[in-house]
Amino acid sequence: MLVSQPSSRPANTDTTVSDRALLERRARLLGPTYRAFYRNPVHLVRGSGVWLYDAQGRKFLDAYNNVASVGHCHPRVVEALSGQAATLNTHTRYLSEIVLDYAEKLLGTCPPHLGHAMFTCTGSEANDLAIRIAQHSSGGTGVIITDFAYHGATIATAQLSPAAVGAKGVPAQHRTVAAPDTFRDHGRAAHAFASNVAATIEDMRAQNIRPAALLLDSAFSSDGIFFPEAAVMREAADHVRKAGGIVIADEVQSGFGRLGQGMWGFANYGIEPDIVTLGKPIGDGHPMAAVLVRPQLVASFGSNTGYFNTFGGNPVAAAVGIAVLEVIDGEGLIENARNVGAYTGDLLRALQGRHGMVADVRHNGLYFGVELTADGDDALAAGKTSVVVEAMREDGVLISSCGPRGNVLKIRPPLPFARDNAEQLAETLDRALSQW
């Protein structure tokens, strides 16, 4: 049985004078849109593996940042970056063997129908490009997303991100469907997901809107982290294809071994997406991203519209990308995500037995959603969730929250996360929950 012990870490509830000055400077220089994590923001100065260090030298277990997919400042990745940066960095309108080497290696991790790689600098750009390709190739305009999705920060992707702009920010030609919530109402929304997509397509047709794409995050990360039945997901994809649209798998958060069953989250459902979008985890945090696509979809797009991104797919990014793939393979990180993920899931489910407010534990590999409840009061549950996240931060473990109600703990550590890290996570969460 997991037994909660008093924390040996010093409490750090007050922002230091220097950090207050830093926050004031940040507000003055960056403006009001830059929000910091935590009531008492963390002033980070160094990272290594699954650890982050603040300006006072305090060590934090990072159980949140998937961007540093193979661990913060991985030596192999840093070496590849610095070596190529010291040699050459330019764009893809010049010939570069290393860019082609990377494209070949990246496509080699995917189903063979995905034959082209197109590079960008961010996941937002990748999703933006995917939407352009989908609309061009299908002749449609409408995109179907889940009702609390997040897909990016460009104009096009922000409008397809109700988590950021709210439902009223989604343009009229697009549609939202209920996320496949496997917990609430006995999983009714999850079982009905495919039929909801079909009904949405009919609604679009009734309004003379032609469907262009179904755009889905394979882990429904912002919606609350769900892993619905594979058959339902395949059926939803079939509905879209029969309507002339295409299927886009947003793998920015769920890809690159995160779910522990292989490289890609969509493979868990047996789906063959027409386009796959990737973000910064492919570069361990280096600003790089990609679109992997069926060649026939870009044949006309390439000749009629074209695409160029000055530094998307630059040689430094390619060197970093190759290093990340080599680390994932060489260090067995997919297997680690599977094994340590299962162990972590067991520890979190043990907490469910100890704490009545833990209503559900959902996980796949090293991706966890822990839903907290408070006697049916969503606002109270969200408040408690926020308090738990803050308590974890003060106790030396970084996590966050998600979901439309803000009551799901979002736990998504770097892939080298080990069993002892899982134990520290569970013990710290046990202490945070015990205050209720």
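Visitor: How does α3 pass α11, in a left-handed or a right-handed crossing?
Guide: Left-handed. Keep in mind that this is a predicted model.

Visitor: What are the distance and angle between the axes of α3 and α11?
Guide: The two axes come within 8 Å. They cross at roughly 35°.

Visitor: Which residues make that contact?
Guide: From α3, I98, V99, D101, Y102, K105 and L106. From α11, P315, A318, A319, G321, I322 and L325.

Visitor: How many of them are nonpolar, polar or charged?
Guide: Nine are nonpolar, one is polar and two are charged.

Visitor: Stay on α3. Which of its residues are buried?
Guide: α3 runs over residues 97-107. Its buried residues are V99, Y102, A103, L106 and L107.

Visitor: Why are they on the same side of α3?
Guide: They cover an arc of only 120° around the axis, so they share a side of the helix. An α-helix has 3.6 residues a turn, so residues three or four places apart point the same way.

Visitor: And which residues are exposed on the other side?
Guide: E97, L100 and E104.

Visitor: New topic, the largest nonpolar core. Which residues touch the most other members?
Guide: The core has 72 residues. Y102, F256, L278, I399, F417 and L425 touch the most other members. Y102 is also one of the buried residues of α3.

Visitor: Where does the largest share of this core come from?
Guide: From α11, with 11 residues.

Visitor: Pick F256. What does F256 touch?
Guide: Leaving out residues up to four places away in sequence, F256 touches L106, M263, W264, L278, P281, I282, V324, L325, I328 and L415. L106 and L325 also take part in the contact of α3 with α11.

Visitor: What about a second core?
Guide: It is separate and has 28 residues. V197, F227, V247 and Y269 are among them.

Visitor: Let's move to Y307. Where is the place of Y307?
Guide: In the loop between α10 (295-304) and α11.

Visitor: How does Y307 count for accessibility?
Guide: Y307 counts as partly exposed, because its relative accessibility is 28%.

Visitor: What does Y307 touch?
Guide: M118, F119, T120, L129, R132 and F301, not counting residues up to four places away in sequence. Y307 and F119 are 188 residues apart in sequence. In space they are 9.8 Å apart, C-alpha to C-alpha.

Visitor: Now backbone angles. What is phi of C73?
Guide: Near 55°. That is a positive value in a residue other than glycine. C73 lies in the loop between β3 (59-62) and α2 (75-85).

Visitor: And what is phi of I225?
Guide: Near 70°, again a positive value in a residue other than glycine. I225 sits in the loop between β7 (211-217) and α9 (230-242).

Visitor: Buried or exposed, how do C73 and I225 count?
Guide: C73 counts as exposed, because its relative accessibility is 52%. I225 counts as buried, because its value is 0%.

Visitor: Last one, G396. Where is the place of G396?
Guide: In the loop between α13 (378-394) and β13 (397-398). G396 has 0% relative accessibility, so it counts as buried.

Visitor: How many residues apart are G396 and V143 in sequence?
Guide: They are 253 residues apart in sequence and 41 Å apart in space, C-alpha to C-alpha.

Notes. Residues are numbered from 1 along each chain as its sequence is written. This is a predicted model: local features need pLDDT of at least 70, side-chain atom pairs count only at pLDDT 80 or more; totals for chains, interfaces and linings use all residues. Side-chain values use heavy atoms; hydrogens and water are left out. Buried means under 20% relative accessible area, exposed over 50%, partly exposed in between (1.4 Å probe, protein chains only). Helices (H or I, at least four residues) and strands (E, at least two) are DSSP runs, numbered from the N terminus. The arc is that of the directions from the helix axis to the C-beta atoms. Axes are lines fitted to C-alpha atoms, for helices over the stretch in contact, and angles run from 0 to 180 degrees between N-to-C directions. A crossing is left-handed if the near helix is turned anticlockwise from the far one by less than a right angle, and right-handed if clockwise. Contact means heavy atoms within 4.5 Å. Ala, Val, Leu, Ile, Met, Phe, Trp, Tyr, Cys and Pro count as nonpolar, Asp, Glu, Lys and Arg as charged, and the others, Gly among them, as polar. A nonpolar core is a set of buried Ala, Val, Leu, Ile, Met, Phe, Trp, Tyr and Cys residues joined through side-chain atoms within 4.5 Å.
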